[in-house]
Amino acid sequence: MSIDALMTLGVIGAVLACLALTRIAPDVILMAALAFLVVTGILSPGDALVGFSNPGVMTIAVLYVVAAGLKETGAIQWVAHRLLGQPTKLRQAQLRVLLPASGLSAFMNNTTVVAMFIPAIQEWAARLKLPPSKLLLPLSYAAIIGGTCTLIGTSTNLVVNGLLQTERDMSLSMFSLAWVGVPLVLVGGTFLYLFASRLLPDRQGVLEQLEQAREYAVEVIVEEKGPLVGKTIADAGLRHLTHGYLADIERHGRLLTAVPPDTELLAGDILVFIGAPECARELRRIHGLRPAGGDVRKLDIAHHRRCLVEAVIGPDFAGLNQTVRESRFRSRYQAVILSISRNGKRLPGKLGDKRLVVGDTLLLETAQDFVDQYRYRKDFLLVSGLNDSTPPDFRKAPVALGILGAMVAITAGGMFSILEAALLAGGAMLLTRCVPASKARRYVDLSVLIVIAASFALGAAMTKTGAAQQIANWLLLIDGLAPWAALALVYLMTVVFTELITNNAAAVLMFPIAMAVADQLGVNFVPFAIAIMFAASASFMTPLGYQTNLMVLGPGGYRFTDYLRLGAPLSLIVGITAVGLIPLVWGF
C-alpha cells in the first residue's frame, strides 16, 4: 500500500474518532481533514472541493427552501391536523402516527415532519393518560423508514445519487427506491405496531412545569368560517396544550368558566388561555384562531416579519405608571402587548386599563428587528425573542402543497431531473411569497452542507490512493464470498459507521469501498449503491445517529437503552428485508 493510501486511512481513522468521541463540530472536523488532504498533496484543490459542486449536495440545499415554504405556510400542520384526527385508544394512536409520518416523510424533510407531530402526540398522551414514550420513538422510526421510499425522502439518497451521477454516469428516478422502501415501511411499521408498546417503557417526558414559568393570560378569538367553528374543545386539540391550558370562554358578553372538553366552539368566542410564554406561540400555529386584541391587526408589519418577544420594563420606560392605553405603546414601539406578567403571575382583567410598573414582563407581538433595536436601550431591562414564533400564513398552505406536488409529478414523469425540479419548486416558493428570501437563507443549514461536501474529499482520496481498493481486497479475503454476502457485509459496515458518525458522511465513505467490491467481484454495482442508501438511513440504535431520534429524546423521557431495546431488532429486520430484496429488484 502506498504512503498516500496509508495517510488517507489515518485521516479517516482520525475523523471517525473525533466524530464519535469528541464534541468538536462535524463541519470543523471534516474541513480540517479536507485541508490536510490538500496541503499534503494527496488531493488537488479541484478534487478536494468536488463535493461543493455535486448535484446531490446542491439538491439538498435547494430543498431546504422548499421545506421552508411548507413550514412557514403551516402546510405540514394543515395536513397533519387532517390526517391525525382524535384517536381514543393507544392502538389507534399508533396507526395514526405510523401511517401519516411514513407517508409524509417520503416527500418532505423528515425532521420537519417529526417537529410538527411532536406537539400533537403530546396532546394525545395527556388526553388518553398514556406515556408519550409509547408513541414518540415509533414516530421517529416511521419517519426514517418512510424517507427511504423516494429519492427526495432523505438527504442520504440524494448524496449517493449524486455520487452515482459523477462517478458512474447514471441517475436514479424519483420512485426507483420504492420497490424496496415500501416493503420496508410495511415490515418495519408492522413490527412497530405490534411490539413498540411492549418494548418501550412507561415514562413521562421532560416537560416544562407551568408553575415554575412566567405566567401569562393570552386571549384568542375563534375566526368566523374557520375550521374550528362547531368543533368541541377536545376535537380542536385545545384541551391539552404543552405550555398552557384553557381557563375561560367569553361568549356574547358572558364568561364561561371551567368549560368541559365537549363544549362546542362558536364563531367569535374569545378563549382565555393561561400558561408560559410559549403558549402564545402554540396558539398562533392553530389554524382558525387569531389574537383577540384589535391592535394586532393595526400593526403596520408584514405577516412574515412578525414574532413574539418578552420585554421587562426598566426604570427609564417612557410610559411608567401609565395605563397601557395612556402609554400609546403600539404607536411608540410598533409592538402590541398580548399579556402582562407581574412577579411571575398574570395580571387578570382588561389590558388597556393596567398600569405599567418597573419589572413587569410584557409578552409582545412585534417586528423581528425589535430585539436588536431595543436590547441596549434603557426602556427595557431585558428583551428576549421567542424562537420560531412567526405565525404561519395558513392562506398559502394549499399553494405550498401544490408546488410540492408539482415538483414530485414533473420529476416522476421524467420531464426534469430532481435538481431542476427542486430549483423550480424553490423559485416558486419565493415568487409566491410562501417564504421570503431573507428567511429562506436562514433555513439553509450550511453546517450540514459543509459536512456532506467535505466528506466527498475523503471518498475521493480513498479512490485516488487505492485505499478503497485495498479495503475491498481485505473484505474479499474470505474464500468464495458470494455477491449477496458481500452486499450484506457492505450493508453492515455502513450501519456501524452511521451509528458512530453522521449518516451522510458514512454513505460517502462507504461508496468507494462498495464500488471497489462490486468491480472486483465483476457484478452490477447498483445493488451496492442502493444498499448504502438504505443502511445509512437505518439509524435506530442510538439517539445521536439521526436527528429525529435526538428530537424525541427529551419529550419522550427516553434513555440510551430504550433506543437499543426497540432499535436493535428493528435494524435487524430492516437489514434482512433490504438485503433480501435489493438483489431481486436490481440483480447482480
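Biologist: Where is Ala531 placed?

Modeller: Ala531 sits in helix α23; helices here are DSSP runs of H or I of at least four residues, strands are runs of E of at least two, and both are numbered from the N terminus. This is a predicted model, in which local features need pLDDT of at least 70, side-chain atom pairs count only at pLDDT 80 or more, and totals for chains, interfaces and linings use all residues. Residues are numbered from 1 along each chain as its sequence is written, and side-chain values use heavy atoms, with hydrogens and water left out.

Biologist: Is Ala531 buried or exposed?

Modeller: Ala531 has a relative accessible area of 0%, so it is buried. The cut-offs are under 20% relative accessible area for buried, over 50% for exposed and partly exposed in between, with a 1.4 Å probe and protein chains only.

Biologist: Which residues is Ala531 in contact with, leaving aside its neighbours within four places in sequence?

Modeller: They are Leu487, Tyr491 and Ile582, where contact means heavy atoms within 4.5 Å. Leu492 is 39 residues from Ala531 along the chain, and their C-alpha atoms are separated by 9.5 Å.

Biologist: Next, helix α21. What about Thr494?

Modeller: Thr494 lies in α21, residues 483-500. It counts as buried because its relative accessibility is 0%. Apart from neighbours within four places in sequence, Thr494 is in contact with Ala506, Met510, Ile532, Ala535 and Ala536.

Biologist: And how exposed is Val496?

Modeller: Val496, also found in helix α21, is partly exposed at a relative accessible area of 41%. Between Val496 and Leu564 there are 14 Å, C-alpha to C-alpha, at a sequence separation of 68 residues.

Biologist: Let us turn to cavities. How many are there of 30 Å³ or more?

Modeller: The count comes to two cavities of 30 Å³ or more. On a 1 Å grid over the protein atoms alone, a cavity is a set of points where a 1.4 Å probe fits but cannot get out; a pocket is an open set with protein on both sides within 12 Å along at least five of seven lines; and lining residues have an atom within 4 Å of a point. Grid points are joined across faces, edges and corners, and a volume is the space filled by probe spheres set on the points.

Biologist: What lines the largest cavity?

Modeller: The largest cavity has a volume of about 40 Å³, and its lining residues include Ile144, Leu184, Phe534 and Val574. Helices α8 (136-146) and α23 (526-537) each supply at least two residues of that lining. By class, the lining has seven nonpolar, two polar and no charged residues. Here Ala, Val, Leu, Ile, Met, Phe, Trp, Tyr, Cys and Pro count as nonpolar, Asp, Glu, Lys and Arg as charged, and the others, Gly among them, as polar.

Biologist: And what is the volume of the second largest pocket?

Modeller: The second largest pocket holds about 970 Å³ of space. Its lining has 37 residues, of which Glu219, Gly293, Lys350, Leu351 and Gly352 are the closest to its centre. Strand β7 gives the largest share of the lining, six residues. The lining divides into 21 nonpolar, six polar and 10 charged residues.

Biologist: Switching to helix α17, which of its residues are buried?

Modeller: The buried residues of α17 are Ile418, Ala421, Ala422, Ala425, Gly426 and Met429. They lie on the same side of α17 because they cover an arc of only 135° around the axis, the arc being that of the directions from the helix axis to the C-beta atoms. Among the elements that cover them are α4 (55-72), α9 (155-168) and α16 (397-412).

Biologist: What is the span of α17?

Modeller: The 14 residues of α17 (418-431) should span 20 Å at 1.5 Å a residue, and the end C-alpha atoms are 20 Å apart, which agrees. The expected span is 1.5 Å times one less than the number of residues. Just after α17, Arg433 takes a positive phi of about 65°.

Biologist: Where is Lys225, and what is its phi?

Modeller: Lys225 is in the loop between β1 (216-222) and β2 (244-251), and its phi is positive, near 60°. Lys225 counts as exposed, at 87% relative accessibility.
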